[in-house]
Amino acid sequence: MTFTTIRGATQVDFIGSDELDVLAAVDETLPIYAGGQKNNDFITLIRIGNGLISPSTVQGGEGADTINTLGEVQSSLFSGNKGNDFININSIISFSTLSGGDGDDFFTSPTSLLSSTLNGNQGSDTILFSGSADNAAVLGGQDNDSLTISGSKAFSNSRFNGNAGNDLLSLSGYGSSDAATLLTAVTFYGGQGNDFITASGGVNGIGTTGFVLSGDNDNDQITGSAQADTLLGGSGLDTIIGSGGADRTIGGSGADTYSGSVTDTRYQITAITDSAATTTGTVAGFDRFADAGAFVKTKSKLDISAVATTLAGGSLASGVITTKTSLTVASANDFTTLKAALDPLGGASTTAFIATFEVTVTAGSLTGTYLWINNTTAAYDSGDLFFQTVAAGQIDPSTDLILLNS
């Protein structure tokens with residue numbers, strides 16, 4: 001069936017029925033309202049010659065609706081409402097909102113998204129994005145969404161966010177030498193939930209600038225590109241995998257795991273709680289370098305400049321010394337036992353000396369090697385930094401620690 005047309009002096013309304021309705025609105029000059037009802041509706045707005053479509057409000061109703069446009073969209077609202085909707089607004093979109101509503105919705109990519117928001121809302125939504133974005137937001141919404149960002153268009157002052165749910169964000173296709181100018185003030189977020197973010201298919205050409213990828217909350221897996229990415233774990237137990245380039249990595253709070261094949265990554269600690277020593281129980285609360293490539297001695301850097309004065313009890317003196325002492329613990333099955341073994345062996349940091357220790361546990365469930373950076377109390381406590389390494393000597397404090405902002 002067709003939509004009922006109500007044409008007024010300032011707006012034209014198209015009202016659907018409870019049946020399957022089809023609307024093709026061509027070259028309307030007045031603002032448009034189109035509302036589907038209970039069934040699966042097809043709504044298409046057309047401006048001949050790909051001109052500017054009149055400001056529109058389009059709502060799909062309760063069924064699995066299809067919403068299309070042919071022409072530029074401005075100052076408009078498109079919403080699938082209930083049902084699993086197909087939203088195909090593949091033109092220039094400005095000052096507008098695209099919303100999936102309830103249901104598992106599918107969005108094709110606009111040519112450009114300018115000062116606008118695309119939001120999947122509720123349901124497990126699929127969003128394809130290969131256009132450009134400026135002052136824009138692309139949001140998965142609630143539930144487990146898939147955002148696929150591809151191509152090599154410019155992004156500026158924009159954000160891509162999976163929001164709630166266990167989301168997949170996949171980025172690919174940036175390989176040109178002008179990647180630095182294509183990606184300006186744009187961040188890709190996982191949001192709440194255990195998210196999977198990968199840029200392993202992106203920025204693989206001769207450009208040197210990568211992506212800003214942020215897991216946000218919960219337990220995320222983040223894989224960088226071949227270039228210089230900024231990888232942010234946020235809160236939770238994150239796995240961060242470098243894939244090359246001079247990455248800047250901040251795991252955030254929670255016991256994070258670093259992996260990958262990188263040589264000159266800078267790991268930044270912004271708070272003691274990012275990798276604080278665990279003193280009781282059997283579950284580690286500190287960060288772990290899982291393989292030899294995750295931290296390469298004399299090339300990778302562990303930047304503790306944000307917390308160095310806290311560890312030292314004041315501003316660092318000129319020419320502060322950092323040396324490593326090797327300690328061996330015969331056996332430890334829990335961190336209470338480890339603390340008891342380390343307490344009498346430690347030494348305090350001062351403003352002139354940062355006390356660091358390479359700890360080797362030779363037996364028990366905590367068997368392994370660790371880097372301990374102490375505070376002003378000689379004993380092992382939760383005010384210290386602690387890291388698990390893959391082997392003895394992986395981190396050399398005399399060359400690999402950054403104590404002052406640079």
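In this predicted model, the largest nonpolar core has 65 residues, and Phe 188, Leu 302, Ile 304 and Ile 373 are the ones that touch the most other members. Take Ile 373 as your guide: leaving aside residues up to four places away in sequence, it touches Leu 302, Ile 304, Leu 311, Ile 354, Ala 355, Thr 356, Asp 384, Leu 385, Phe 387 and Leu 401. Apart from this core lies another one, of 17 residues, with Val 329, Leu 338, Ala 355 and Val 359 among them.

Now for the rings. How many aromatic pairs does the structure hold? There are 20 aromatic pairs. One of them joins Tyr 267 and Phe 295: the ring centres are 5.8 Å apart and the planes meet at 25°, so this pair is stacked. Planes under 30 degrees apart count as stacked. Where do the two partners, Tyr 267 and Phe 295, lie? Tyr 267 sits in strand β30 (residues 266–268), while Phe 295 belongs to the loop between β31 (287–289) and β32 (301–303), so the pair ties together parts that are 28 residues apart in sequence. Ring pairs also link Phe 286, Phe 335, Phe 357, Tyr 370, Trp 372, Tyr 380 and Phe 386 into a cluster.

Are Tyr 267, Phe 295 and Asn 375 buried or exposed? The table shows each of them, and the cut-off to keep in mind is that buried means under 20% relative accessible area.

| Residue | Relative accessible area | Class |
|---|---|---|
| Tyr 267 | 4% | buried |
| Phe 295 | 2% | buried |
| Asn 375 | 10% | buried |

Asn 375 deserves a visit of its own. You will find Asn 375 in the loop between β35 (368–373) and β36 (385–389). Which residues does Asn 375 touch, not counting residues up to four places away in sequence? They are Leu 311, Ala 348, Ser 349, Asp 381, Gly 383 and Asp 384. With Asp 381 there is also a polar contact between the two side chains, at 3.2 Å. Ile 222 is 153 residues from Asn 375 along the chain, and 31 Å separate their C-alpha atoms.

Finally, follow some strands. Strand β22 (residues 183–189) pairs with strand β24 (residues 209–214) in the parallel sense, over two bridges. Here Tyr 189 has Ser 214 of β24 as its bridge partner. In turn, β24 pairs with strand β26 (residues 228–232), again in the parallel sense, over four bridges.

Notes: Residues numbered from 1 in each chain as written. Predicted model: local features only at pLDDT ≥ 70, side-chain atom pairs only at ≥ 80, totals over all residues. Heavy atoms only, no water. Phe/Tyr/Trp six-rings, centres within 6.5 Å; stacked < 30°, edge-to-face > 60°. Buried < 20%, exposed > 50% of the residue type's maximum accessible area, 1.4 Å probe, protein only. Pairing = 2+ DSSP bridges. Core = buried A, V, L, I, M, F, W, Y, C linked by side-chain atoms within 4.5 Å. Contact = heavy atoms within 4.5 Å. Polar contact = N/O pair within 3.5 Å; in protein donor to acceptor, adjacent residues only side chain to side chain.
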